[in-house]
Amino acid sequence: INIFYRHFWLSKYSLSTTRKLVYNFNKTIPRTIEGYTEFINSLEREANQYALIAAPKKEDWTQPEDLFVYTCLESFCIFNVSQVRIFLLALFEVKNSQLISFKNFKKILVHLEHYHFIFTAVCSSRPSGLERRYSSYARQLRNCTSKRESADCINNLITDLNDGIPDYSIFEKQFEKIVYISTKEKDKKLVKYILKKLDTHYSSNELVPNSFTIEHILPESVATEYVGMVGNLLPLGEQLNNDLSNKAFKLKMTRYPESQYTTVKRFVEENKNKDEWGEKEIVERTK
């Protein structure tokens, strides 16, 4: 409740850095029945929207054109980022008021997903000033009176965020640190997110893989520090994964073509002439 109220307030009103929320409330909201009623109604309406944002469910986004909304909202949960909800509250408010085009609505949602994948999930950058920035742009967006104004606000936010994206060398170094093994599952959700994104990217029919297990090409039983790197991982159906388990690389390569996943088929094609799979290959594929 506390985090929702803070995000709600920052999405609509300015907040003195030296004062409490109670002080800002007394200073901002008119002390009248009408003022309090309007505030409570707004709070209730946006609480319902906040629930959709903070705990996304696929059944809440049943229209085919809205599937990307669920995907983006789910990603913010995987990345464990909450400050973005300040801006998202404003974004959904202007969408419901038809003051933003679908094109720009999708543009900023997808951009925010990609930004926080780089900035938060991979690089673990410190979000200094991010809450204040989202608050500023949320209030600007709420003050827009046309789709043209909201488009300008969106573009300005994108430019602002891009200025703070870490260098690729930093991204690559941090990406190499993402690992998944059964005894270290901290990054499991992030790894599944990456594998799902890769498979969707390489797929010509744009099908999004829903349920898969994570296959270690070089088996976990080898017990090396690089066995959990992303370059050693593939999405596989549960039965095929169980069948292959600790099998040798050459045997696995004869069975991988049975997989439905584009990433696996691509892996087989790119490595069909290899007889072995080890540290060098894993690091290269991770990069």
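Visitor: Is Gln 98 buried or exposed?
Guide: Gln 98 is exposed, because its relative accessible area is 62%. Exposed means over 50% relative accessible area, buried under 20%, and partly exposed in between, with a 1.4 Å probe and protein chains only.

Visitor: What kind of model is this, and how are residues numbered?
Guide: The model is predicted, with local features needing pLDDT of at least 70 and side-chain atom pairs counting only at pLDDT 80 or more, while totals for chains, interfaces and linings use all residues. Residues are numbered from 1 along each chain as its sequence is written, and side-chain values use heavy atoms, with hydrogens and water left out.

Visitor: Where does Gln 98 lie?
Guide: Gln 98 lies in the loop between α5 (84-96) and α6. Its phi is positive, about 60 degrees, although Gln 98 is not a glycine. Most residues other than glycine have a negative phi.

Visitor: And what is phi of Ser 124?
Guide: Phi of Ser 124 is near 50 degrees, again a positive value in a residue other than glycine. Ser 124 is found in the loop between α6 and α7, and with a relative accessible area of 53% it is exposed.

Visitor: Stepping back, how many helices and strands does the protein have?
Guide: There are 14 helices and 2 strands in the protein. Helices (H or I, at least four residues) and strands (E, at least two) are DSSP runs, numbered from the N terminus. The C-alpha trace spans about 75 × 40 × 30 Å along its principal axes, and of the 287 residues, 44% are buried.

Visitor: How do α7 and α8 pack?
Guide: Helix α7 (residues 130-142) and helix α8 (residues 147-162) meet at an angle of about 165 degrees, and their axes are 9 Å apart. Axes are lines fitted to C-alpha atoms, for helices over the stretch in contact, and angles run from 0 to 180 degrees between N-to-C directions. The two helices are therefore roughly antiparallel, a term for angles over 145 degrees.

Visitor: Which residues make that contact?
Guide: From α7 the contact includes Leu 130, Arg 133 and Tyr 134, and from α8 it includes Ser 150, Cys 153 and Asp 160. Contact means heavy atoms within 4.5 Å.

Visitor: Which residues of α9 are buried?
Guide: In helix α9 (residues 168-175), the buried residues are Phe 171, Gln 174 and Phe 175. They cover an arc of only 100 degrees around the axis, so they sit on the same side of α9. The arc is that of the directions from the helix axis to the C-beta atoms. Ser 169 and Lys 173 are exposed on the face turned away from that buried side.

Visitor: What covers the buried residues of α9?
Guide: The cover includes α6 (102-122), α10 and α14.

Visitor: Which residues of α13 are buried?
Guide: Helix α13 (residues 262-271) has Thr 263, Val 264, Phe 267, Val 268 and Asn 271 buried. Viewed down the axis of α13, they fall within an arc of 140 degrees, so they line one face of the helix. Among the elements covering them are α10 (188-202), β2 (233-236) and α12 (249-255).

Visitor: One more: what does Gln 49 touch?
Guide: Not counting residues up to four places away in sequence, Gln 49 touches Leu 89, Phe 92 and Asn 96. Gln 49 belongs to helix α3 (residues 33-54) and counts as buried, because its relative accessibility is 15%.

Conventions
Parallel < 35°, antiparallel > 145°, perpendicular 65-115°, else oblique.
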